[in-house]
Structure formats: C-alpha cells, structure tokens
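The entries follow the order in which I looked things up.

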Amino acid sequence: MRHLLLPPEDPEVEERARRLRELGIEDKVVPELDDFSRELAQRTGGCYAGVNFFIDENRQFFAGLYSAAADTTVNLDSPLLEDPVPGRVMPRDFDMGFCPHVVRRRKALVLEDVRDYPRFAGNHVVDAIGIYSYLGAPLIDSTGMVLGTICAVNQDPHRWGQQGLETIKSMAADLVERIEQRGHGL
C-alpha cells in the first residue's frame, strides 16, 4: 500500500528563499547551530538532531547537525542518502524525510513510531537510514514565514511525550529569536 502524502506544493518557496537571504542564512555549516543541535539531542533523547533550512524549492540544508556517533563514524558533510547515515543535504521531496511536512503544516509533529502512521511508514528515510521516531517543530519568524525546522530523531521508537513536544517548541521559538536578533552573527 502506498502511503499518503501532503500536497508537495509550497506557495512560500520564493518568499522563504528571499527571507533566508535577508537573514544571512545560506547553505553553509554554522558551528553554533551544530552546538544547538547537540543540546536539542541531549534535551530530547534523540540520537540525531538538526536545524534544517529550506534554501530553495529543491533541497533542505542542515546548517546545524548532531549525531551521537559523530566522533568516529558519521560524515556530517555528505549528502543524506548517499550514505546510511545523516548528512547535511537532502532533497526537499515529501518522500525524503519528515521536515517538509512540518513546514507545510506550520506546526510541530510528534511521531513516536513512524510505522504507526500510514502517511509516514513508507517514507524513504525510514528504509534508507532506519529513522523510526521523529520530533520536529517549525521555525516561524516574526513575519510569519516558516524558515525551516528543528528536529530530533531516533533509530528506534521513542516516547517523546508532552515534555518532548514542549521542549522542541520552546527551543524553536528561542532559536528564531536568536536568528532575528543576530542574522549573520549566528
């Protein structure tokens, strides 16, 4: 059975790209966002965490990324699905991960076991790198634009609970405030 997807249209793609440029956000690694991702993983119990910007209509870019295995086994600069581990770049396709759904929905998404949801059970990321639980929140700036997401994932089912939801929403709001205050200075 084919899983159900949200419509792939994103009417804000051009406005989002313009807004990201205004804020000085490009497809470059930001060490402070790697640190933020590490804190997100630690606070939620995720094995991976990231700050994901939707740079254009074709790709997602993780300007911040953390992997619990990063010290020895993960190349965080490789494209996501060329290796069996997360990297910095991923197609923006709705079959490629969960963050495009968060951007489209404009609200947090909690999946404790993605296999319990027909819409997500067949997602390519589940099979490619074994992501079985997801916790994500949109980064919505003061203009109402969704810039991207923050997320934490696990390779096993994970009970994020209300605490996980509150944590990710709070951290998303804090990060947007920092981005808007500092722009390039992140």
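**Entry 1: Helix H1**

Residue numbers start from 1 along each chain as its sequence is written. I am working with a predicted model, in which local features need pLDDT of at least 70, side-chain atom pairs count only at pLDDT 80 or more, and totals for chains, interfaces and linings use all residues, while side-chain values use heavy atoms, with hydrogens and water left out.

I take helices (H or I, at least four residues) and strands (E, at least two) as DSSP runs, numbered from the N terminus. Buried stands for under 20% relative accessible area, exposed for over 50%, and partly exposed for values in between, with a 1.4 Å probe and protein chains only.

Which residues of H1 are buried? In this helix, residues 13-22, I listed Val13, Arg16, Ala17, Arg19 and Leu20. Seen down the axis of H1, these buried residues fall within an arc of 165 degrees, so they line one face of the helix; the arc is that of the directions from the helix axis to the C-beta atoms. On the other side of H1, I found Glu14 and Arg21 exposed.

I then looked up what covers the buried residues of H1; the cover includes strands E1 (48-53) and E6 (146-154) and helices H3 (99-105) and H6 (161-182).

**Entry 2: H2 against H6**

Helix H2 (residues 31-44) packs with H6 at an angle of about 165 degrees, and their axes are 11 Å apart. Axes are lines fitted to C-alpha atoms, for helices over the stretch in contact, and angles run from 0 to 180 degrees between N-to-C directions. The angle makes H2 roughly antiparallel to H6, a term that applies over 145 degrees.

Which residues make the contact (heavy atoms within 4.5 Å)? From H2 I noted Glu32, Leu33, Phe36, Glu39, Leu40, Arg43 and Thr44, and from H6 Thr167, Ile168, Met171, Leu175, Arg178 and Arg182.

**Entry 3: Arg106**

Arg106 is not a glycine, yet its phi is positive, at about 65 degrees. I located Arg106 in the loop between H3 and strand E4 (109-111). Its relative accessible area is 35%, so Arg106 is partly exposed.

**Entry 4: Whole chain**

I counted six helices and six strands in the chain. Of its 186 residues, 54% count as buried. Among contacts with a separation of 6 or more, residues 24 or more positions apart account for 66%.

Conventions: Contact = heavy atoms within 4.5 Å. Parallel < 35°, antiparallel > 145°, perpendicular 65-115°, else oblique.
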